Structures are given as structure tokens and as C-alpha cells.
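Q: Hi! I have a model open and would like to talk it through. Could you start with the terms I need?

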Amino acid sequence: MCAASNRPAVYFDMSAGNKPLGRIVFELRADVVPKTAGILSMANSGPNTNGSQFFICTVKTPWLDGKHVVLGSVKEGMDVVRKIEAFGSESGDTSKRISVADCGELK
């Protein structure tokens with residue numbers, strides 16, 4: 001749980017090209033939808049599909065409001081999010097493989 005609230009906190013230990021980048025801690029939300037950068041969201045491939053994609057918004061994205069599930073917001077590690085963002089491109093390809101090396105709930 002996050003010290004300042006009753007909301008659960010989870011972490012992602014991130015890596016790029018098998019080299020550790022750092023930890024991102026998310027505070028999960030069930031009561032309100034954050035409308036700011038640093039939100040953790042999920043989109044699926046459409047009705048009757050089983051494909052999901054999780055993403056972290058790094059800027060305001062009002063065109064996504066009401067279209068995707070917002071799970072939480074970055075509590076710690078926005079610097080790690082920015083490091084990951086630096087491996088991206090306009091096409092969506094990354095210059096190194098980005099992966100979650102470990103994850104779990106913080107108690």
C-alpha cells in the first residue's frame with residue numbers, strides 16, 4: 001500500500017536491452033480517473049478479443065478520455081519512464097527491447 005493512502009502500489013523493474021533502467025511505482029486507482037501525464041492505462045484490441053496493451057501516457061491525451069481503462073498513476077520513477085521514452089521513435093519501434101524484468105505489489 002502507498003504510505004499516503006489506502007490505494008495499492010505495484011512496481012515494474014524495467015530494462016532496455018537486458019540492462020536495468022530502474023523501478024517505476026504505480027499507485028492503483030479505483031475511485032477517480034487521473035487526467036494527467038504519468039497515467040497507467042490499458043487498451044484492448046476491440047470487442048470479443050483477448051489482446052491487451054498497457055501504456056503510460058507521458059503527456060496529456062484528452063482524445064483517449066473515456067476510451068481506455070485507467071489503472072493508476074506513476075508515484076515514483078517518472079525518470080525511468082523518460083529513459084524508456086528515449087528509446088522510442090515516431091513509428092512506435094524502439095531502438096532496444098524494453099521489458100519488465102520483475103514486478104509485484106508493494107506491501
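Q: Which residues form the aromatic pair?
A: F12 and F26, in an edge-to-face arrangement, with 5.0 Å centre to centre and 65° between the planes. F12 lies in strand β1 and F26 in strand β2, 14 residues apart. A strand here is a DSSP run of E with at least two residues, numbered from the N terminus.

Q: Is F26 buried or exposed?
A: F26 is buried, because its relative accessible area is 0%. F12 counts as partly exposed, because its relative accessibility is 22%. Buried means under 20% relative accessible area, exposed over 50%, partly exposed in between (1.4 Å probe, protein chains only).

Q: Where did these values come from?
A: This is a predicted model, where local features need pLDDT of at least 70, side-chain atom pairs count only at pLDDT 80 or more, and totals for chains, interfaces and linings use all residues. Residues are numbered from 1 along each chain as its sequence is written, and side-chain values use heavy atoms, leaving out hydrogens and water.

Q: New topic: what is the strand order in the open sheet?
A: The order of its 6 strands is β4-β3-β5-β2-β1-β6, with antiparallel pairing. Two strands pair if DSSP finds at least two bridges between them. The edge strands, β4 (52-57) and β6 (98-106), each pair on one side only.

Q: How many bridges join β3 and β5?
A: Strand β3 (residues 39-44) and strand β5 (residues 69-76) pair over 4 bridges. S41 stands opposite V70 in β5.

Terms used:
Rings of Phe, Tyr and Trp (its six-membered ring) pair if their centres lie within 6.5 Å; planes under 30 degrees apart count as stacked, over 60 as edge-to-face and the rest as tilted.
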